[in-house]
Amino acid sequence: MALSGGAADRGSHSMDKSITLPPDEIFRNLENAKRFAIDIGGSLTKLAYYSTVQHKVAKVRSFDHSAKETDGDPLYEISVQEEITARLHFIKFENAYIETCLDFIKDHLVNTETKVIKATGGGAYKFKDLIEKKLKLKVDKEDEMTCLIKGCNFVLKNIPHEAFVYAKHADSEFRFQNTHPDIFPYLLINIGSGVSIVKVEAEDKFERIGGSSIGGGTFWGLGALLTKTKRFDELLQLASKGQHTNVDMLVKDIYGGAYGSLGLTGDLIASSFGKSATTDKEFSKEDMAKSLLHMISNDIGQLACLYAKLHNLTRVYFGGFFIRGHPVTMHTITYSINFFTKGEVQALFLRHEGYLGAIGAFLKGAEEDSNLTCWRWTVWIGS
Amino acid sequence: TLEWAADRGSHSMDKSITLPPDEIFRNLENAKRFAIDIGGSLTKLAYYSTVQHKVAKVRSFDHSAKETDGDPLYEISVQEEITARLHFIKFENAYIETCLDFIKDHLVNTETKVIKATGGGAYKFKDLIEKKLKLKVDKEDEMTCLIKGCNFVLKNIPHEAFVYAKHADSEFRFQNTHPDIFPYLLINIGSGVSIVKVEAEDKFERIGGSSIGGGTFWGLGALLTKTKRFDELLQLASKGQHTNVDMLVKDIYGGAYGSLGLTGDLIASSFGKSATTDKEFSKEDMAKSLLHMISNDIGQLACLYAKLHNLTRVYFGGFFIRGHPVTMHTITYSINFFTKGEVQALFLRHEGYLGAIGAFLKGAEEDNPNQYSWEENYAGSSGLMSASPELNPVQRARSGTFDMLEMDRLDRQLVNLPLLQDPTSYIPDTVDLTEDALAREYWLYCFEDALDGVVKRAIASQKDQPEAVERAEKFRQKYRHKVQTLRHQPFAYGSLTVRSLLDTREHCLNEFNFPDPYSKIKQKENDMALKYYLKVVKSVEELSWEQRQFTLVKGLLAGNVFDWGAKAVSDVLESDPEFGFEQAKQQLQERPWLVDAYNQWIERLKGPPHKCALFFVDNSGIDIILGVFPFIRELLVRGTEVVLASNSGPALNDVTNSELQILTERIAAMDPVIHAALKEDRLALVQNGSSSPCLDLSRLDKVLATVVRERGTDLVIIEGMGRAIHTNYYAMLSCESLKLAVIKNSWLAERLGGKIFSVVFKYEVPSKAQGQH
């Protein structure tokens, strides 16, 4: 079975993507799957499950040397055996495919001892009925932030080179960081529709110390109003082609150059969208999108720095859909952090940032019967 | 009267000035040291000028020559005095050319060669100013000027800073001026945001800033709503519902996010709904959402910087804030939200003038303006505008066009009374009429009702000058207008108090050259009372100790009945000049008095004498001569030094320092006790630095403070309704204090639970724990 042309409809905009990958290559090992967890965000669904894999392993066995020793005999014998190992699966797909995916899962869920699916994310509420109907599993809601932090702790601990610094113009765009033996404390800036700033001090100790309503939803919402472009990706595309200086009022636009005595360079943005206040001309979509992106990234960057300073934290991770795999936003956030901390704090991003909620929800479920978290996992993540 | 109509950009002005320009640009003849601050839409002009005032002077006659019985005690002459005044005028940029022309025409004194300029527009208008005024434009650093101006108003204008509370009884809650204004945080919201930490007069640092400021509201607002005017955008915002555009916590989670402490109504994502909804959003809703987004963001940044730098005083300024209740409200809300009430958002009454004041100060540094204390002249200043546009639209339209601030330079530096228990929490005024609507209504009525009498008195004081009638009429109009303005905008000059109403009246009288309407009455009363002095002293001396103490206190209180400031008394005095000292005693309430600590006072007197008593005196005539002098005479005899503090300038029938000097000399000539005390410097006369019938213990002549400290003052006596009831009734001192007055106003008496002529005799001893300073 191939899921192709899965033209689902999201809002009034038709999807331009289709999956051509056979679903059994995505949802692998479903036969023995148990402990399901699902994280439904604003646009993407993340599914997690635990499964066992039958492996062929090569085993060596020493011969019984006490009996009889022949010179030509090999030292030990080799046999291939079947072994069962545990594996975690994480799959990410657009919300538009959720119904199709649920159908596929249902059809391949042979092992039915699982009764419950852990759910998190803003969409968990919205899709609860659908999941319960399709999978015949009880949806068990887990706290979003708790899952996010649990997932974050898990990947930071278990995946080497999970965190990276983004450098747009460097030889290698991604500079991976060594995992610090002690991952705590750290600051997580989750940029979803809004921004949550969370201080994590230990496995189960975190606090939302701040937040802002100027987040991804603001970029998307204001961007849509200004440019009539309704898709988030397209807005980012527009932004990457724009010139913010056409819309923003710079220090030099006011003072004719730098404001030296205050240490402000001429190119510094004095007022975002300041030029559109007094100019009557039309502004290009690209320029407005770029200005908006700078405005939001700089603001989040400054808030992150201030909270990091106030709480004496140097490790600051950024996540959420605003960041997720978008070089444009990773670049502007990195730039902003460098500007505000003069290099003292680095903006860190996570390779598996999109899975944090799903991982966390899964772990919550797993905690309830056995102590899976003590294991050292080799994580398989398909996407 | 000029009728001006100017054009600003592509938007035609809907306002025109009908105010005669010579009522705005006053005292231009002697103007010097100009400074101008040209912002995005408003120009602020500052200049220093001198004002010629008529002042009443008293001069003792040469008594050595020949003494005639009918001769007055001293002569009164009206002299011209020149005082320094700062003028600040704010007007829309559209009028700049017309204004410059007017200034040019009236600049008689041309020794000025330079005009200090600041603000973004200074560059743009440089040529125009140089051409029109023939003055060289000298640019000054904008931020330095802003901070200099801010320091100046915080230091010199009591009630400069206020907290904004939209839904409270009084929109503006004025703050006491902290004796030490530093350190503070200034958040200047112009096009962008500057966050400046100010640590000392000349020490400040821009510690942060943001590009999301007034220009962002204006710019994004213009793009979203096609509304190009800032004021209109704010108007739109005030009518919108942000919840239609913003994504709230409950929109995502169906309710509150309890475990994170987020309420359902919290904005999760500004403009979050417009990301996924296709519907059209109203201009009002979008403007409101934008306003919230920007205000909240600035609020959070302000709190974080305040916390990081450990600052609790945070002032907001810039065109985004300036007089806009909408933005003051959202900023206040945001600060409360983020600091959970730990930090208050403070705003400044004269925020719009800071740059101009600073630029002026930069230019006037050779005059050492910071060496003096300055005082807002209520007669010449426009006052704070009403916040609600519905209220008094005419006033708003006019003050929106031209706004003025005038500050008088005082001859002396004013400082705290060193004996205040806690200068930071000292509030001079007993009742805040801004908050107490009932009291406000009564006192405004009272002052308006008394106006005819004041006008009559003013004319009578200058019988020899026929044009006095016309001036008095102008005074009447001005003061009535002030009272009416205060009825609509009680917060115009800070908290409205009986004191501010009295002071405003004095300022207005001075404005029209009625420097001392009571001078002749005071002279007559002093003459008359002096004749009875020895008789009173003698009769008291014959009494037993206990009887004597009571008679002296009663005399002090009876003397205080003679007060032209109180309507009930001025009625009696005007109709029956024979109303005498003995009659007054009979008018007094029998003990127990309304507030009666007499027994404690007597017990105290049985103990060791005080080291030094500071006596804030009240009225001239019977009060000072037959009430105060016999009383302090007893103190002197006991071995207590006495410092008599009297007004520097005239107010009602209060005895002034110059009058008191003559009176004391005359009494000393009759009474060897007073004579010896004067000679041995056990009796000293100092001026208090004020010209008010009330008393602000946080603004006293520096000399007085020194004397108080040097003499080890351990007793403060405050006499009279103005000084001990309307002000200082609750003042906490670090030494013993006596506050005494006769309530000569039936409304006030009733409020305090008594009848007219009730007696307040309050004797207070600070608890040991607080100790002496």
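This is a predicted model: local features need pLDDT of at least 70, side-chain atom pairs count only at pLDDT 80 or more; totals for chains, interfaces and linings use all residues.
At the start of helix α24 (residues 672–679) of chain B, a side-chain oxygen of B:Asp671 comes to within 2.9 Å of the backbone nitrogen of B:Val673. Now go to the other end of the helix and pick B:Asp681. Just after α24(B), B:Asp681 has a positive phi of about 60 degrees.

**The sheet with β27 of chain B**

Select the strands β20, β27, β26, β25, β21, β22 and β23 of chain B. In that order they make up an open sheet of 7 strands with mixed pairing. The edges are β20 and β23 (683–687) of chain B, each of which pairs on one side only.

Colour β27 (residues 758–764) of chain B by accessibility. Of its 7 residues, 6 are buried, and the strand is mostly covered. Then look at what lies on either side of β27(B).

- Strand β20 (residues 595–596) of chain B pairs with β27(B) in the parallel sense, over 2 bridges. B:Val595 is opposite B:Val760 in β27(B).
- Strand β26 (residues 736–743) of chain B pairs with β27(B) in the antiparallel sense, over 7 bridges. B:Lys739 is opposite B:Lys762 in β27(B), and B:Val742 is opposite B:Val759 in β27(B).

Helix α22(B) lies across β21 (612–616), β22 (641–646), β23, β25 (715–719) and β26 of chain B. The helix runs at about 155 degrees to β22(B).

**Domains of chain B**

Zoom out and colour chain B by domain. The assignment divides the chain into domain 1 (21–155 + 355–410), domain 2 (161–245 + 281–348), domain 3 (416–512) and domain 4 (518–764). Taken over C-alpha atoms, the centres of domain 2 and domain 4 of chain B are 49 Å apart.

**A lysine in strand β6**

Select B:Lys116, which is in strand β6 (residues 114–118) of chain B. Is B:Lys116 buried or exposed? Its relative accessibility is 14%, so B:Lys116 counts as buried. One, of 2.9 Å, is with the side chain of B:Asp138; another, of 2.8 Å, is with the side chain of B:Glu140. Leaving out residues up to four places away in sequence, B:Lys116 also touches residues including B:Phe34, B:Ala35, B:Ile36, B:Ala359, B:Lys362 and B:Gly363.

**Chain A: overview and domains**

Move to chain A. The chain has 383 residues, of which 53% are buried, and holds 11 helices and 17 strands. Among its contacts between residues at least 6 apart in sequence, 65% join residues at least 24 apart.

Colour chain A by domain: domain 1 is 25–56 + 76–155 + 356–381, and domain 2 is 162–247 + 283–351. Their centres, taken over C-alpha atoms, are separated by 28 Å. The contact between them takes 10 residues from domain 1 of chain A and 15 residues from domain 2 of chain A.

**The 7-stranded sheet of chain A**

Select β9, β8, β16, β15, β10, β11 and β12 of chain A, which in this order form an open sheet of 7 strands with mixed pairing. Strands β9 (174–176) and β12 (205–212) of chain A are at the edges; each has a single partner strand, so one side of each is left without a neighbour in the sheet. Neighbouring strands of this sheet are turned by 35 degrees against each other on average, direction ignored.

Within the sheet, pick β8 (residues 163–166) and β16 (residues 346–350) of chain A. They run antiparallel and are joined by 3 bridges. The bridge partner of A:Val165 in β16(A) is A:Leu348.

**Nonpolar cores**

Which residues of the largest nonpolar core touch the most other members? Of its 99 residues, they are A:Ile189, A:Phe219, A:Phe318, B:Ile187, B:Phe217 and B:Phe316. In soluble globular proteins, nonpolar side chains tend to be buried together.

End the tour at a second, separate core of 58 residues, with B:Tyr533, B:Leu552, B:Val617 and B:Ala668 among them.

Notes
Residues are numbered from 1 along each chain as its sequence is written. Chains are lettered from A and ligands numbered from 1 in the order in which they are written. Side-chain values use heavy atoms; hydrogens and water are left out. Two strands pair if DSSP finds at least two bridges between them. Helices (H or I, at least four residues) and strands (E, at least two) are DSSP runs, numbered from the N terminus. Axes are lines fitted to C-alpha atoms, for helices over the stretch in contact, and angles run from 0 to 180 degrees between N-to-C directions. Domain bounds come from an automatic or database domain assignment. Buried means under 20% relative accessible area, exposed over 50%, partly exposed in between (1.4 Å probe, protein chains only). A polar contact is a pair of N or O atoms within 3.5 Å; within protein, one must be able to donate a hydrogen and the other to accept it, and residues adjacent in sequence count only if both atoms are side-chain atoms. Contact means heavy atoms within 4.5 Å. A nonpolar core is a set of buried Ala, Val, Leu, Ile, Met, Phe, Trp, Tyr and Cys residues joined through side-chain atoms within 4.5 Å.
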